[in-house]
Amino acid sequence: MVVTGRKWRASLALMAALMVGACTTTPKTPVAGPGEYVVQPGDTLYRIASKSGRSASDIVRWNNIQDPDRLEAGQVLRVVPPGGASSEASPPPRSGGNAERTRPPRATAPAREPDPVVPPASRRSDWGWPAQGAVVAGFNGSSNKGIDIGGSPGEAVLSIGAGSVAATETLRGYGSVLMVDHGGSYMSVYTNVRTMLVKQGQKVQRGQKIAEMGNEAKLHFEIRYRGKAVDPRQYLPAK
């Protein structure tokens, strides 16, 4: 069959239209805007909270998350309070008057969330110790971001206070990790544990057994405020 010039041009036009259609149906990669975070494969709510310096409960509330265990890769989450992200200033209104053109518009400073800071040390009457043993290594803020409490394998690990289990997972450098969100941007972290007796999202009370001490015969324990490690001994009852 002989392809005439007219048919040839029509064929090219059809191919070009198909290519454009294919391009327009290709899904776009989600892009995070100011104050947003794109969920990556393997992300958990606590990892996102730690990266952004927020609490898991805040992120759940700001994004109306119904099931914290079912985050999807590519999902875009707000990681700053509503109204806390900077926005572009609106252009000044047009005017024909010389006075209006020469008068600079008033700049309104965007709302800004304060940087995470360590709160004043204050013992909490509603918190207790996570284990009964003596402190064998103290907090220094660098090589040790918590305290180590001596004990024996299988010894009970207790929640320091009421809250919700934010994570039960394995992290590089920590091993098995259990985290409890106590609200008010406070999180307690328990590592060097073995059998975990609670699951993510479960409500717990002060003194409730949540895990057992691991084979290292000590519990590594941290308290974090807005993602920043603080000295646990400044917040737990004296002993």
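This is a predicted model: local features need pLDDT of at least 70, side-chain atom pairs count only at pLDDT 80 or more; totals for chains, interfaces and linings use all residues.
What percentage of the 239 residues in the chain do buried residues make up? The share is 35%.

**The whole chain**

Of the contacts in the chain with a separation of 6 or more, 63% are accounted for by residues 24 or more positions apart. If a surface is then drawn, its accessible area comes to about 14600 Å², and carbon and sulfur atoms contribute 54% of that area.

**The largest nonpolar core**

Select Val157, Tyr190, Ile210, Leu219, Phe221 and Ile223. These are the residues with the most contacts inside the largest nonpolar core, which has 25 residues. Next, colour the strands β4 (147–150), β7 (175–183), β8 (186–191), β11 (209–213) and β12 (218–225), each of which supplies at least two residues of this core. The largest share comes from β12, with four residues. Elsewhere, and apart from this core, lies another of 18 residues; Ala56, Leu71, Val79 and Ala166 are among them. As a general point, nonpolar side chains in soluble globular proteins tend to be buried together.

Centre the view on Leu219, which is found in strand β12. Is Leu219 buried or exposed? Leu219 has a relative accessible area of 0%, so it counts as buried. Leaving out residues up to four places away in sequence, Leu219 touches Pro130, Ala131, Ile147, Asp148, Ile149, Val157, Tyr190, Thr191, Val193 and Met213. A distance drawn from the C-alpha of Leu219 to that of Pro130 reads 8.6 Å, although the two residues are 89 residues apart in sequence.

Beyond its neighbours within four places in sequence, Ile210 is in contact with residues including Val157, Leu178, Val180, Tyr190, Met196 and Val204.

**The aromatic cluster**

Show the side chains of Trp127, Tyr186, Tyr225 and Tyr235, which ring pairs link into a cluster. The chain has four aromatic pairs in total. One of them, between Trp127 and Tyr186, is edge-to-face, with 5.5 Å centre to centre and 85° between the planes. This pair links distant parts of the chain: Trp127 belongs to the loop between α4 (98–102) and β3 (135–137), Tyr186 belongs to strand β8, and 59 residues separate them. Both Trp127 and Tyr186 are buried.

Select residues 45–52, helix α2, where the buried residues are Leu45, Tyr46, Ile48 and Ala49. In a view down the axis of α2, these buried residues fall within an arc of 160° and therefore line one face of the helix. After α2 comes Gly53, with a positive phi near 70°.

Finally, select helix α3, residues 56–63. Which residues of α3 are buried? They are Ala56, Asp58, Ile59 and Trp62. Down the axis of α3, its buried residues fall within an arc of 160°, so they too line one face of their helix. Just after α3 is Asn64, which takes a positive phi of about 50°.

Notes:
Residues are numbered from 1 along each chain as its sequence is written. Side-chain values use heavy atoms; hydrogens and water are left out. A nonpolar core is a set of buried Ala, Val, Leu, Ile, Met, Phe, Trp, Tyr and Cys residues joined through side-chain atoms within 4.5 Å. Buried means under 20% relative accessible area, exposed over 50%, partly exposed in between (1.4 Å probe, protein chains only). Contact means heavy atoms within 4.5 Å. The arc is that of the directions from the helix axis to the C-beta atoms. Accessible areas come from the Shrake-Rupley method with a 1.4 Å probe; for residues, only the protein chains shown count as cover. Rings of Phe, Tyr and Trp (its six-membered ring) pair if their centres lie within 6.5 Å; planes under 30 degrees apart count as stacked, over 60 as edge-to-face and the rest as tilted.
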